[in-house]
Amino acid sequence: MQEITVEELLVKGYGNLIDVRSPGEFARESIPGAVNIPLFSDPERAQVGTMYKREGQAAAQWLGMQIVSPKMDALMQAIRQRAEEQGEPPTIFCWRGGMRSRAMATFATFAGLRVRRLQGGYRAYRQHVLETIEPYELQVPVYLLHGMTGVGKTELLTRLEEKGLPVIDLERMAGHRGSVFGHIGKGKPANQKMFDARLFETLHKYKDAPFFVMEAESKRIGNAILPSFLMHAKEQAVHILLTAPLEVRVQRIYDEYVTPYSWRSDFAEKVELAYSSIARRMPTEQAALLREALRVKDYRSAIASLLVYYYDPRYENKQSDYVKEIQYQLEVTDLNDTAMQIQSLIEKGQSIR
């Protein structure tokens, strides 16, 4: 087995990562792109931990051997399949490069599989992320997309990324969409550790980028807090304001939030719960009309009411706090055309620099 450091992992670009911790640990945080092939299930891990506390390390190791032995063939088959699919020897890691990754890597080596083992495990990776992000400074221009809810900022970031532009998609990193209905159809938002890891991976991927494109966001996105260097970059950014007619925005939101998920049995319940969290912050009459629109499932009318009486006023107040000058303004009627316009103005801006 080959032992590698976090620095070697990043410099050499090893991408076939296997996290052998329990599913619960993996769900909380891991290295982006890793797959989970757990040595223990969550109950098994708890069982071994209890044995360690009661009878010591030797007893816990013996219990671990008894638990793992019957499933070793399946574990080795999973590692071999992953190696064949990726065309690269797997890099195995656990929490701190301890017994779980060592055991799995040792068994794999005895089985004739080529594997690497990450020294220090996930903890070493997390420490490297923090040491990079905390003092980080963006030395290149940032082009910041502004616009009211529904203008298509997220879709435009996706199109720009597909064109090869260096994009920092903060909502995707946080696993969170900005509206109160953003959780519908999504899993749990990322915690701070996963957000930091995804941001770090993006910065590492685009380490030589001459600029970045990102969406204007507040300091908190879901469960994550933006690092100070991004808040500073936002203040110094080139600001691009995106606009769209109300009916276009309504349709985009309908297509994003309603069409894919309205067939679910819990959709109406989740929408009602989300509405309840903001009803008191809307004018009483409009809140009542919105509730009635939701009751009869007139979602287009409900979306229009939310935009006009809730999101738009909040957006205007927030934007005035830190945007002193809008350098460009584009109307987003066709997303592909607007993506091309943004790319063009960035290229012109970069050539001037």
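A polar contact is a pair of N or O atoms within 3.5 Å; within protein, one must be able to donate a hydrogen and the other to accept it, and residues adjacent in sequence count only if both atoms are side-chain atoms. Keep that in mind for Arg 21. Its side chain makes a polar contact of 2.7 Å with the side chain of Asp 19.

Some ground rules. This is a predicted model, where local features need pLDDT of at least 70, side-chain atom pairs count only at pLDDT 80 or more, and totals for chains, interfaces and linings use all residues. Residues are numbered from 1 along each chain as its sequence is written, and side-chain values use heavy atoms, with hydrogens and water left out.

Back to Arg 21. It sits in the loop between strand 2 (17-19) and helix 2 (23-28). Helices (H or I, at least four residues) and strands (E, at least two) are DSSP runs, numbered from the N terminus. Is Arg 21 buried or exposed? Buried, because its relative accessibility is 1%. The cut-offs: buried is under 20% relative accessible area, exposed is over 50%, partly exposed is in between, with a 1.4 Å probe and protein chains only.

Now its surroundings. Contact means heavy atoms within 4.5 Å. Setting aside neighbours within four places in sequence, Arg 21 contacts a set of residues including Phe 26, Glu 29, Trp 95, Tyr 122 and Arg 100.

Arg 100 belongs to helix 6 (residues 99-110). Arg 100 counts as buried because its relative accessible area is 16%. Beyond four places in sequence, its contacts include Arg 21, Glu 25, Phe 40, Arg 45 and Cys 94.

Two strands pair if DSSP finds at least two bridges between them.

Start at strand 6 (residues 142-147). It pairs with strand 8 (residues 212-215) over 4 bridges, in the parallel sense. There, Val 142 is opposite Phe 212. Strand 6 also runs parallel to strand 11, joined by 5 bridges. Leu 145 has Ile 240 of strand 11 as its bridge partner. Strand 11 in turn runs parallel to strand 12, with 4 bridges. Leu 241 is partnered by Gln 329 of strand 12. Strand 11 is mostly covered, with 5 of its 6 residues buried.

What lies across these strands? Axes are lines fitted to C-alpha atoms, for helices over the stretch in contact, and angles run from 0 to 180 degrees between N-to-C directions.

Which residues of helix 8 are buried? Lys 153, Leu 156, Leu 157 and Leu 160. They fall within an arc of 105° seen down the helix axis, so they line one face of helix 8. That arc is taken over the directions from the helix axis to the C-beta atoms. These buried residues pack against strands 6, 7, 8 and 11, and against helix 16 (335-352).

Last, the helix pair. The axes of helix 8 and helix 16 come within 9 Å and cross at roughly 65°. After helix 8 comes Gly 164, with a positive phi near 95°.
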